[in-house]
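Welcome, and please have your viewer ready. We will go from stop to stop, with something to select at each one.

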Amino acid sequence: DGVDISGANSPPLYVESADKVFLTLTENSVNTLSDGKSYTYEEEGQNEPDAVIFSADDLTVNGKGKLIVNANYNEGIASKNEIVIANSTISIKSVGNGIKGKDNVAISSAVIDITSDKDGIKSSDTQQISTGFVYITDSAITVNAQEDGIQAESAVIAEGNNNINIISGGGYTENTDVHND
């Protein structure tokens with residue numbers, strides 16, 4: 001409720017192990033989480049956690065408050081499993097990806113504004129046919145990304161009443177030559 005948490009050399013919120021994690025934003029509160037430009041790891045070669053909010057397990061952000069994420073090291077919000085965002089207002093400025101849920105990212109009744117030096121919203125799992133998707137319903141999303149606005153390995157699904165605005169560039173690199181035979 002109205003927190004301002006910074007991690008100079010590590011994420012301000014790191015979930016190493018849990019079944020499910022809920023980050024609930026108190027109604028009408030403004031909460032800010034920020035990290036520094038470099039992280040200190042216990043072991044050489046370690047590269048996780050690498051986000052302001054990093055969860056090794058399922059992460060849900062809910063509540064009618066506002067969350068401001070300032071990602072100066074890499075990603076804004078990341079989970080090695082799924083990320084669910086419901087009924088929340090989130091603003092992310094990130095030098096990496098804005099939101100990255102490996103298994104999936106599901107957004108419902110949320111207002112999200114992302115400025116990202118990489119992808120805006122990303123789901124990266126290629127191991128299972130039922131994962132690697134981004135699902136959006138009844139939300140207002142603005143993304144200004146240097147790479148992909150929304151990147152999903154299997155599908156991007158938008159249902160309901162959405163207002164999605166994306167400015168992006170430089171992300172997709174597959175050869176798109178057109179051949180007419």
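This is a predicted model: local features need pLDDT of at least 70, side-chain atom pairs count only at pLDDT 80 or more; totals for chains, interfaces and linings use all residues.

**Stop 1: Leu 67 and the core**

Beyond its neighbours within four places in sequence, Leu 67 is in contact with Leu 23, Leu 25, Asn 31, Leu 33, Ile 53, Val 61, Ile 77, Thr 89, Ile 90 and Ser 91. Now widen the view to the largest nonpolar core, a set of 29 residues. Leu 67 is among the members with the most contacts inside that core, along with Ile 53, Ile 77, Ile 85, Ile 107 and Ile 112.

**Stop 2: strand β16**

Next, select residues 140-145, which form strand β16. Which residues make up its covered face? They are Ile 141, Val 143 and Ala 145, while Ala 140, Thr 142 and Asn 144 lie on the uncovered face. Side chains in a regular strand alternate between the two faces of the sheet.

Strand β13 (residues 111-116) pairs with β16 in the parallel sense, over 6 bridges. To find your place in this pairing, look for Val 111, which stands opposite Ala 140. Strand β19 (residues 163-167) also runs parallel to β16, joined to it by 5 bridges. Here the pair to pick out is Ile 141 opposite Ile 164.

**Stop 3: Ser 79**

Move on to Ser 79, in strand β8 (residues 75-79). Is Ser 79 buried or exposed? Its relative accessible area is 5%, so Ser 79 is buried. Show its surroundings and, leaving out residues up to four places away in sequence, you will find Ser 55, Asp 57, Asp 58, Leu 59, Lys 100, Gly 101 and Lys 102 touching Ser 79. Zoom in on Asp 57: its backbone oxygen is 2.8 Å from a polar atom of the Ser 79 side chain.

**Stop 4: Asn 74**

Finish at Asn 74, in the loop between β7 (66-71) and β8. Asn 74 counts as buried because its relative accessibility is 15%, and the cut-off for buried is under 20%. Which side chain does the side chain of Asn 74 meet in a polar contact? Select Asp 50, whose side chain makes that contact at 3.0 Å. Apart from neighbours within four places in sequence, the other residues in contact with Asn 74 include Asp 35, Ser 94, Val 95, Gly 96, Asn 97 and Lys 118.

Key
Residues are numbered from 1 along each chain as its sequence is written. Side-chain values use heavy atoms; hydrogens and water are left out. A nonpolar core is a set of buried Ala, Val, Leu, Ile, Met, Phe, Trp, Tyr and Cys residues joined through side-chain atoms within 4.5 Å. Buried means under 20% relative accessible area, exposed over 50%, partly exposed in between (1.4 Å probe, protein chains only). Contact means heavy atoms within 4.5 Å. Helices (H or I, at least four residues) and strands (E, at least two) are DSSP runs, numbered from the N terminus. Two strands pair if DSSP finds at least two bridges between them. A polar contact is a pair of N or O atoms within 3.5 Å; within protein, one must be able to donate a hydrogen and the other to accept it, and residues adjacent in sequence count only if both atoms are side-chain atoms.
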